[in-house]
Amino acid sequence: MSQFGKGKFLSRFFKLRHLEFDSALQQIVWTVINPKRVFRYHKDQYAMRGRWSRDDPAMLLLLLGYVTVVSLGYCGWMRVPVGSYFAALAWTLLVDCLALGVLIASILWFLCNKLLAVQSTALSQSVEWAYCFDIHLNAVLPFSLLLYGPQMLLWIPLSSTSILSVLTSNTLWLLTLCYYLYIVFLGCTILPSAQHTMSLLYAALPLMLLYVIAIPLKINATRIFTYIFAWRIGAGNVLL
């Protein structure tokens, strides 16, 4: 993204009335039911404006709003002190959403510009870091919607040690993580300068292996998530 594009993106954070929330909501629906359509938007963006990335932070703001509500919901379920709510929001917004998003986008930027880049000078072009962040954003939104919300609503049964709970919880985590990888794959595939993008899907293989190992050992992904969430905010052991 150019310096002008960066400035426009950042300045629109403070101009909520000018953000296209209706378009962002429509794109979020597409990420869940038809993610290929979202990346057609990026192709159109590139054809019209010469860049792959968005210049509107509405989707990022919607993600931050959603995870804020979900984090507060988890705190409510765990009946933690009021002070822990602020710790939960700090961890979720600053670390999980922003810091982790920047890290993943940087890894994708390196992959797209180095390891997956076509060597031909005719097709070679630098992939914007901002577009790599958009790929992550397009993938993490359905991941969060399909995992964190349902897991919060079904937290008590999913966090049980029964084999049914373990199977249900781990299957939910596996499917949403694989869907995340699939959307990342789609985002890289549309780039003319990218090749061998199918290799991105190989990351699902260790996830499947862990899934197979965890079931007979009764390792519950929801319980692990709960322990980490509680440890972050100093809530102690919230599971019996």
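## Salt bridges, stop by stop

Start by selecting Arg 51, which counts as buried at 15% relative accessibility (buried means under 20% relative accessible area, exposed over 50%, partly exposed in between, with a 1.4 Å probe and protein chains only). The model is predicted, so local features need pLDDT of at least 70 and side-chain atom pairs count only at pLDDT 80 or more, while totals for chains, interfaces and linings use all residues. Residues are numbered from 1 along each chain as its sequence is written, and side-chain values use heavy atoms, leaving out hydrogens and water.

Searching the whole structure gives four salt bridges.

Next, select Arg 54 and Asp 134. Their closest N and O atoms are 3.3 Å apart, in a salt bridge. Arg 54 sits in the loop between α3 (35-49) and α4 (58-78) and Asp 134 in helix α6 (residues 129-153), so the pair ties together parts 80 residues apart in sequence (helices are DSSP runs of H or I, at least four residues, numbered from the N terminus). Both Arg 54 and Asp 134 are buried.

Move to Asp 96 and Arg 232, whose side chains form a salt bridge at 2.7 Å, N to O. Asp 96 is in helix α5 (residues 82-115) and Arg 232 in helix α10 (residues 221-232), 136 residues apart. Asp 96 is partly exposed at 27% relative accessible area; Arg 232 is partly exposed at 22%.

Finally, select Arg 49 together with Arg 51 and Asp 55: salt bridges that share partners join these residues into one network.

Definitions and conventions. Helices (H or I, at least four residues) and strands (E, at least two) are DSSP runs, numbered from the N terminus.
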